[in-house]
Amino acid sequence: MVQMPAMKRVKGRAPLSVVVAIIGGLALAGVIFTEDLRSLTVVTSKEEKEKERKRTSLPAGTRTALTLPEEAVTLPAVGVTPPPAKKPFDPARCSVTEGYWAFDRSKKLLYTDQTCPFIDRQDSCQRNGRPDSDYLYWDWHLDDCSLPRFDPVAVLEKLRGKRMMFVGDSLMLGQWLSFVCLVNSVVPYTARSMERSRTLSVYTAQDYNATIEFYWAPFLVESNSDRNIRLEAGGRVLHVDAIEAHARRWRGADVLVFDSYVWWMTGDRIKTVWGSFGDDGYEELDAWVAYRLGLKTWANWVDSHIDPNATRVFFMSISTTHMRSEDWGREGGIRCYNETWPITRKGYWGSGSDRRMMEVMSGVLGRMRVPVTLLNITQLTEHRRDAHVSVYTEAGGSLLTGEQRADPQTYADCIHWCVPGVPDTWNQILYAHL
């Protein structure tokens, strides 16, 4: 038997089959590791997206606008298609209720409560010692349209030789003061005048022969508290079918801007009388029923006395209050006290706006013969818990003392707004419709 000589092994070298096996194993491990890493990345990405979704329910395009002032705004990635340009504002096609608040610290204010001498102490938050100012630098952006900036020169040109009147309660007074201050920012000191009284106040831009007026009528219809504004809510009696004592002052205006809501909400029921005025023989009605009767009386007067070819008529919707911090999830909070940031949840609606009263308002206006433009400011004000006067205001004609400010449960005013502030946005919307 012939024996084959033993094959010599080369020292330090592995057989070819072993090398192939090792390389194949490493390749398989690499593929498995890559897939594991890819799936881990996907999971992490999903977790991050879910965290981002929970941080804000606003559309993704608005999130950078709602970053805190000290946060850096992320620039769009290279190659990402920018969002389409928004359409120019068209009152017939653009909704002012669909939008979001965006912070812009670089915004140039047209006035402050230091530069405009007409702002009442009730609304002068900065002058009254409010320590924060972020609430001044928020802009309302519409989802689909571009809301034009308030242009005081353009407004004055539109009002040249005309008479504009704001009619309503103390919230309308704040809006009027805002409008006057916005316009006054371009009027020389020597070319303006202001006359104030309890019932009628008139600002005149002399070079334009234009007046911007405010008339006090919190219910629009007549009441025993029209002059005695300190009368307690329980003592108020409304004459829901009488309006001429007020309305005779509205005749001849080229632009009329009305509001009426918050004085109707001082209780569930309201004392009303018909015919001859007097405190006796009143009937108590549910607030929304009395509101409908009062608005119908106002609507009938407008339909009977206003020429739509000569006079534009606007009606401001509900200005939201922020009386329950539980509405926006701050348990143990004290209404709007110490709130310095808006509510950013898309479509937020709290308890400060009565939907039934909104339905009454839109229903009455919708059946009028004379066109009345309803400026729906309610949704945008719902978010602004941060912009009320709070404890930086007055009570009983005197500025709140330090002791009173330390008692926000009693003194925090979460109905009225700082000026400048949210009323400037209302006037921006009004300007866009003029």
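1. The largest pocket in this predicted model has a volume of about 1500 Å³. A pocket here is an open set of points on a 1 Å grid over the protein atoms alone, with protein on both sides within 12 Å along at least five of seven lines. Points are joined across faces, edges and corners, and a volume is the space filled by probe spheres set on them.

2. The pocket lining counts 39 residues, and Gln122, Ser170, Trp263, Asp413 and His416 are the closest to the centre. A lining residue has an atom within 4 Å of a point.

3. Two or more lining residues of this pocket come from each of helix H3 (170-184), strand E8 (210-216), strand E17 (394-395), helix H9 (408-411) and strand E19 (413-417). E19 gives the most, with four residues. Helices (H or I, at least four residues) and strands (E, at least two) are DSSP runs numbered from the N terminus.

4. By residue class, the pocket lining has 16 nonpolar, 13 polar and 10 charged members. Nonpolar covers Ala, Val, Leu, Ile, Met, Phe, Trp, Tyr, Cys and Pro; charged covers Asp, Glu, Lys and Arg; the others, Gly among them, are polar.

5. Three cavities of 30 Å³ or more are present, a cavity being a set of points where a 1.4 Å probe fits but cannot get out. The largest cavity has a volume of about 100 Å³.

6. Of the 16 residues lining the largest cavity, Leu171, Asp259, Met316, Ser317 and Ser319 lie nearest its centre. H3 and strand E14 (312-316) each give two or more residues to this lining, and H3 gives the most, with three. The cavity lining divides into 10 nonpolar, four polar and two charged residues.

7. Residues are numbered from 1 along each chain as its sequence is written, and side-chain values use heavy atoms, with hydrogens and water left out. Local features need pLDDT of at least 70 and side-chain atom pairs count only at pLDDT 80 or more, while totals for chains, interfaces and linings use all residues.
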